[in-house]
Amino acid sequence: MEKSVLPLPSDKDLKDLISQLPDDILVHMLSFLTLKEAVRTCVLSHRWKYLWPFFRGSLNFDDPDTMWDIADEKKKMKFERKKFIKRVNRILKLLRGSNLDEFRVCFEFDNNFKDLIDGWVDFAISKGVKRLELDFSPTEACEGAKSYTFTHDRFTSVETSVGVSCIKYLTSLTLLYVNVTGKLLEHILSNCPLLERLYVSQSTDLVNLKIWGSSLRLKYLHITQCIYFKSIEIYAPNLESFGLVGGIKETQVNYAPRLLDLHVGGPKPLQYAICPLSSYLSQLQSLVLNIWISRMQKLELPTIQTLTNLRHLTLRVLASDRESLIGLIPLIEAAPFLQKFTLVLSWGEPMIDRELRKVMKRPNKHLKEVEIIGFVGRPIDIDLTIYLLESAIKLEKIVITPRCPALLGTPWEFNQIEKNEHAIKAAKQLKKYLPRGAELLIL
Amino acid sequence: MALELKSSDNKIFEVEELVAVQSETIKSLVEDGCADNVIPLPNVDSKTLELVLDWCKNHVDMKLDEEKLKEYEDKFIEVDQAVLYDLLLAANYLNIKDLLNRACQKVADMLKGKTPEQIRETLNIVNDFSPEEEEEIRKENLWAFEE
């Protein structure tokens, strides 16, 4: 195969070949660009002027910089929301393609705009959208969060243009702060044979959910923080990743033979989250547990069988200084072939000085990587870190991020200066515990 | 089972059916029972057809090795625009989805992060707008040209 490294100028090279491709190839190519990039091609030449309206790639209406400015009170929510909505409407009016890969809206919701959003969802579905994401997360979590409600008949009626026949192309549905009932989700599941991914967060209408179907293609199902969620029943032959975070009364996983990745936990003691899934624990390759430790609720670990296939264990811990994370060690020791351990620590209470606690170390020959996000450099996490460094004899690297997990990625990430400096200092001191050949990275 | 494909410049290629049916166009011919004789492909020259068949063969051979396949695809698509143009037309005509997508991605990558002026230079596009026309178009879609 000839490759021109330094092309000699030939007639063909100097010609504008790409523009001579037929419309549908150029439109297909545009779908690999962002909408903005695609629109910018309109100014290239007359040939390109009218191609972008047939864009069928990913419509991503997100404005993270504006949202941070609003949270910081640098911009006004009302004004920016109006601007945002105007922009989305203008673009949707211009689009003439008949397909869409992705439609994603990420902005704070307000009840006044419910009809508009209904229209946007209709638009996306009528274009046979494959990936639909509605993220109406509020900037101020403490304010009474308003959610958009997914109305039922829009999707259950065969007669409407966005009814059953159009949602069948859906492969992924992501809903945050969208009120959707279990019944509607079940309807979507039975009418979207290609659906592989379902993520629902903060739906107050979700109470019961039955995931049932021998031909269900669903691979990824995560439901988080739906405060009235009572029961879930699962029969999903292709499910690989399951997440259930937040309170729930009844979890029944009848059949999930391909389950590899699990994320559970919440305010209740760990056994409520883990016990219903105990028969699947030994097949998991990745496990994420949300654990709350407080004065009211001591750390109590249920007896866990051996996690024979577990390669990556992540513990997301909400704790205070009085506790020690050493109590989590039995979880780590339950996975004899664990290669990576991640701790995400959200630590809130005032500093208390206590002695470091020591623990019996058993040499761990498989753990290669440790990651600690939210390291504070106080007895609470130093105990556990020293244990890990001294027992993981084959450790290759330990990565420490000494900043609060909740602030990562926000404009205030580097705010808590004193706390972070103390953490960095303490992290540097850990060097003396490093096993031979291991590397310490402080991000 | 082997199939015979004839390029626009009358060169005959013998290929295994499994390789050839990566092309949905050829697949339908096979399924309709029209593939007994030589299949003429008047829209694809021999140089391009050879490349296309190499793609198809490797996609059958490396089907289970995702990493190896990606390495092959990245190397395969490092071609000049003239070849890319031929590959895109061939992939579209023969309906070979993954080749069409990879080639489109390659062109898209050539456009990413570039100003319209830079794109025109890369693709040898002649700007046939008057300055007033261009200004007008930019104004109409101002939001896309802002940062």
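**Entry 1: a bridge at A:Glu333**

I started at A:Glu333, which is partly exposed, with a relative accessible area of 28%. I kept in mind that I was looking at a predicted model. I looked for a charged partner and found A:Arg362, with which A:Glu333 forms a salt bridge; the closest N and O atoms are 3.0 Å apart. A:Glu333 sits in helix α11 (residues 329-333) of chain A, and A:Arg362 sits in the loop between β16 (340-347) and β17 (369-373) of chain A, so the bridge ties together parts that are 29 residues apart in sequence.

**Entry 2: other salt bridges**

I searched the whole structure and noted 19 salt bridges over all chains. One of them joins A:Arg47 and A:Asp23, with 2.9 Å between the closest N and O atoms. This pair links distant parts of the chain, since A:Arg47 belongs to helix α4 of chain A and A:Asp23 to helix α2 of chain A, 24 residues apart. I checked the accessibility of both partners. A:Arg47 is partly exposed at 28%, and A:Asp23 counts as partly exposed at 43%.

Next I looked at A:Asp118, which forms a salt bridge with A:Lys114 at 3.2 Å between the closest N and O atoms. How many residues apart are A:Asp118 and A:Lys114? They are 4 residues apart in helix α7 (residues 114-126) of chain A, which means about one helical turn separates them. A:Asp118 is buried, with a relative accessible area of 8%.

In chain B I wrote down a network of salt bridges that links B:Glu117, B:Arg120, B:Glu134 and B:Arg138.

**Entry 3: where chain A meets chain B**

I turned to the contact between the chains. I counted 38 residues from chain A and 42 residues from chain B in it. In chain A, the residues that lose the most area to chain B are A:Phe32, A:Val43 and A:Leu44, which together make up 18% of what that side buries. The two chains bury about 3700 Å² between them, and 68% of this is on carbon and sulfur atoms.

How many salt bridges cross the interface of chain A and chain B? The rule finds 1. I located this salt bridge between the side chains of B:Lys112 and A:Glu37, at 3.0 Å from N to O.

I then listed what chain A brings to its side of the contact. The helices α1 (11-14), α2 (23-30), α3 (35-40), α4 (46-49) and α6 (77-94) of chain A each supply at least two residues. The largest share, 5 residues, comes from α3(A). By type, the residues on this side divide into 18 nonpolar, 8 polar and 12 charged.

**Entry 4: helix α2 of chain A**

I went back to α2(A) to see how enclosed it is. Of its 8 residues, 6 are buried, so α2(A) is largely enclosed by the rest of the structure. I named the buried ones as A:Ile25, A:Leu26, A:Val27, A:His28, A:Met29 and A:Leu30. What do the buried residues of α2(A) pack against? They pack against α3 and α4 of chain A, together with α5 and α6 (97-111) of chain B.

**Entry 5: the nonpolar core**

I looked up the largest nonpolar core and found 189 residues in it; A:Phe103, A:Phe150, A:Phe242 and A:Phe341 touch the most other members. Helix α5 (residues 81-94) of chain B gives the largest share of this core, 9 residues.

I found A:Arg104 in strand β2 (residues 102-106) of chain A. A:Arg104 is buried, because its relative accessible area of 15% is under the cut-off of 20%. Its side chain is joined to that of A:Asn60 by a polar contact of 2.8 Å. Leaving aside residues up to four places away in sequence, I noted that A:Arg104 touches A:Leu59, A:Asn60, A:Phe61, A:Asp62 and A:Glu133.

Last I placed A:Thr224 in strand β9 (residues 220-224) of chain A. A:Thr224 is buried, with a relative accessible area of 12%. With residues up to four places away in sequence left out again, A:Thr224 touches A:Tyr199, A:Val200, A:Ser201, A:Gln202 and A:Val245.

Key: Residues are numbered from 1 along each chain as its sequence is written. Chains are lettered from A and ligands numbered from 1 in the order in which they are written. This is a predicted model: local features need pLDDT of at least 70, side-chain atom pairs count only at pLDDT 80 or more; totals for chains, interfaces and linings use all residues. Side-chain values use heavy atoms; hydrogens and water are left out. A nonpolar core is a set of buried Ala, Val, Leu, Ile, Met, Phe, Trp, Tyr and Cys residues joined through side-chain atoms within 4.5 Å. Buried means under 20% relative accessible area, exposed over 50%, partly exposed in between (1.4 Å probe, protein chains only). Contact means heavy atoms within 4.5 Å. Buried area is the accessible area (1.4 Å probe) that two parts lose on being put together, summed over both. A salt bridge is a side-chain nitrogen of Lys or Arg within 4 Å of a carboxyl oxygen of Asp or Glu. Ala, Val, Leu, Ile, Met, Phe, Trp, Tyr, Cys and Pro count as nonpolar, Asp, Glu, Lys and Arg as charged, and the others, Gly among them, as polar. A polar contact is a pair of N or O atoms within 3.5 Å; within protein, one must be able to donate a hydrogen and the other to accept it, and residues adjacent in sequence count only if both atoms are side-chain atoms.
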